[in-house]
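Q: I have a new structure open and have not looked at it before. Can you walk me through it?
A: Go ahead and ask.

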Amino acid sequence: MNPFLLAAPLIPLLAAAQMVATVARIGDGDTLTVNAGGRDTTIRLACIDAPESGQTGGSEATRRLAQLAPPGASLTIIPVDRDRYGRLVAVVFSNGINVNVKLVEEGRAIVYRRYLHKCPDSREALLRAEERAKASRIGFWSQPKCPPEQFRHGDCPASVPPARNRCDPSYPSLCIPPNSPDLDCGDIPHRNFPVRGGDPHRFDRDGDGIGCEG
């Protein structure tokens, strides 16, 4: 998956140096929805990658983002791109704190080096933050390392292997009973998880192997 792949012309919002918006809700450790001018916009934090739902550190990253940018808080958003899913890719500031850098500094996310060129103003700060977190062995760096991108492709085990005889094998990092009623992405809290096989709930609608992207 290439979550930063440009798929549509950049809207005028990207032409502005920055925008101010209010947090509507948190998606996961590197995704949130904000409201600006009465419209909701999904933000993907630029140049970082947080552990996924079902991955060690995923829930902690989500909680920490919710602390740094709680619902109702005012944020300064500096757009850098728009990804293939229509999300605005941006550097986010809350109370003067660079949230992207802070998450990396605390080991709640890692630097997404493939896209680091999109953050020239915070590139060095991100790299220094990651070095400090790595040296201190905190968060992501305190455990066996599986980069989130690798986890999304199903190349790493879930944090706690579920009892597979009670779980649908189409969703190796989750435990959804095979006899569950038909579910939609809105019915579950998980996002960006690997999908294999039959996908009876059709979470992976675009067939790229990743369920409930967003």
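Q: How many residues does the largest nonpolar core have, and which of them have the most contacts inside it?
A: This is a predicted model. Its largest nonpolar core has 34 residues. Those with the most contacts inside that core are Leu32, Ile43, Leu45, Leu75, Ile77, Leu103 and Leu126.

Q: Which elements give two or more residues to this core?
A: Both strands and helices do: strands S1 (19–28), S2 (31–36), S3 (39–45), S5 (74–82) and S6 (88–94), along with helices H1 (58–68), H2 (99–105) and H3 (123–136).

Q: And which gives the most?
A: S6, with five residues.

Q: What does leucine 32 touch?
A: Leaving aside residues up to four places away in sequence, Leu32 touches Val23, Arg25, Ile26, Gly27, Thr41, Thr42, Ile43, Leu45, Ala69 and Leu75.

Q: What other core lies apart from that one?
A: A core of nine residues, including Ile188, Phe193, Val195 and Cys212.

Q: Changing topic: how many helices and strands does the protein chain have?
A: Four helices and 10 strands. In sequence order the pattern is β-β-β-β-α-β-β-β-α-β-α-α-β-β.

Q: What share of the chain is buried?
A: Of the 214 residues in the protein chain, 46% are buried.

Q: Last one: of the contacts between residues at least 6 apart in sequence, what share join residues at least 24 apart?
A: In the protein chain, 58% of them do.

Conventions. Residues are numbered from 1 along each chain as its sequence is written. This is a predicted model: local features need pLDDT of at least 70, side-chain atom pairs count only at pLDDT 80 or more; totals for chains, interfaces and linings use all residues. Side-chain values use heavy atoms; hydrogens and water are left out. Buried means under 20% relative accessible area, exposed over 50%, partly exposed in between (1.4 Å probe, protein chains only). Contact means heavy atoms within 4.5 Å. A nonpolar core is a set of buried Ala, Val, Leu, Ile, Met, Phe, Trp, Tyr and Cys residues joined through side-chain atoms within 4.5 Å.
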